[in-house]
Amino acid sequence: MTFEHQGLLFRRERRFHEVARERLRSAVREDAHVVLSVTDPAALLDGLTPHERDRVDVIARESLYDAPGRTLAALHRLALAHGPGPVCVVAEPPLAELSDGSTMELREWHRLESVLSTALAPMSMRLLCVHDQRTLGPGVRAAVRATHPALMDEEGPRPNPAYLGTQAFGRRPLAPEPIPVRGPVHRLEICQSLPRLRGDLTSLGEAVGLPRDRVESVVVAVNELAANVLEHGAGKGSVHVWRGEDRWVCDVFDEQGGLTDPLVGYRPADTLRPRGYGLWIARQSCDFLEISGSDQGSLVRLHFFDQQARFDQQARLEERVRAEQPRPAGQRQQQGEENRQSP
């Protein structure tokens, strides 16, 4: 078995459970290593026999779908660790949470999905991606169909005529999406001395208050990209580091526009070339990586999330949504009486 990438679009929980459980059961029967990574794994496991449940390795969804580059690396490791036997994964990509959010984040998850069939082609793995259509907009549903070679139903997988693969999201944009800047923008030049650049980045990260692990991630990712600029690009460029609302952003600019493929660093063939290997490492070191540019230069933007800021931002959003929800008539009447009694 080589890599098989299948999608399941469902509107009823019962259909999802029937199809997914049958996939888990058949994987157990063929003595595959079975992995389940969905929002509610207990609902699926409850329908299995004790023997079948014991054979399923449950991985927290937020752990598997941590960041696109790290997700690909995790799937790669799973296949290598349990090969040459088959590996079966039933997983739920984080598209619903992003349908009304960041276009960049949603697009980068779609890019990962579009490249999996080539990135994991030689691996003995069957990946079933499950999607609740009720939580996805029309554009996201179309993207799911464009990025999965086969679609799953009660009868099994069938070829998907809407599949586009890497062509679906393979166009390089001229520029990344604008992000509001919160504070000063720090600039460093890419020079011939990579050790000096690493030292400057370390000092800068510590000075602006980045957590130690984030400083190390920034240094690793930028070092790889700067090496590409020196060895395969214009030989000169710049690094800009700045704060967004819920993240740190690092732009690495190459004055030559030769980095034209926004999917580079995702495919195993890329890692055989120095430039692709550097992007492979950079994608795992950051949360999101964008590639944009023109003949006048290539820009790689790295996103490093501040998880506490994102948590606080989400809490404020949820509080605002609750405040805007209509209250029952009795509650509104009680509130009105309280307001009239107030001095």
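Two strands count as paired if DSSP finds at least two bridges between them. Strands (E, at least two residues) and helices (H or I, at least four) are DSSP runs, numbered from the N terminus. Everything in these views comes from a predicted model, where local features need pLDDT of at least 70, side-chain atom pairs count only at pLDDT 80 or more, and totals for chains, interfaces and linings use all residues. Residues are numbered from 1 along each chain as its sequence is written, and side-chain values use heavy atoms, with hydrogens and water left out.

**View A. Here is the open sheet of five strands.** Its order is β8-β9-β10-β12-β11, with antiparallel pairing. β8 (186-190) and β11 sit at the edges with a single partner strand each, so one side of each has no neighbour in the sheet. From one strand to the next, the twist averages 20° (axes are lines fitted to C-alpha atoms, for helices over the stretch in contact, and angles run from 0 to 180 degrees between N-to-C directions). Zoom in on β8 and β9 (residues 237-243) and you'll find five bridges in the antiparallel sense. H186, for instance, has V241 in β9 as its bridge partner. Lying across β8 and β9 is helix α8 (residues 194-207), which runs at about 170° to β8.

**View B. Now for the open sheet of seven strands.** This one is mixed, and its strands go β3-β2-β4-β5-β1-β6-β7. At the edges are β3 (56-58) and β7 (156-159), each pairing on one side only. The twist averages 25° from one strand to the next. Strand β2 (residues 33-37) and β3 run parallel, joined by three bridges.

View C. A search of the whole structure turns up two cavities of 30 Å³ or more. A cavity is a set of points, on a 1 Å grid over the protein atoms alone, where a 1.4 Å probe fits but cannot get out, and lining residues have an atom within 4 Å of a point. Around it you'll see P68, G69, E108, Y266, R283, D287, F288 and L289. α5 (68-82) and β11 (288-294) each bring at least two residues to that lining.

**View D. Next up is R107 and its contacts.** R107 belongs to helix α6 (residues 103-119). Leaving out residues up to four places away in sequence, R107 touches F169, E177 and E290. With E290, there is a side-chain to side-chain polar contact at 3.2 Å (a pair of N or O atoms within 3.5 Å; within protein, one must be able to donate a hydrogen and the other to accept it, and residues adjacent in sequence count only if both atoms are side-chain atoms).

View E. Most residues other than glycine have a negative phi, and most peptide bonds are trans. D31, in the loop between α1 and β2, has a positive phi of about 60° although it is not a glycine. The peptide bond from G83 to P84 is cis, with omega near 5°, and P84 lies in the loop between α5 and β4.

Terms used. 1 Å grid on protein atoms, 1.4 Å probe; cavity = no way out; pocket = protein on both sides within 12 Å on 5 of 7 lines; lining within 4 Å. Points joined across faces, edges and corners; volume = space filled by probe spheres on them. Contact = heavy atoms within 4.5 Å.
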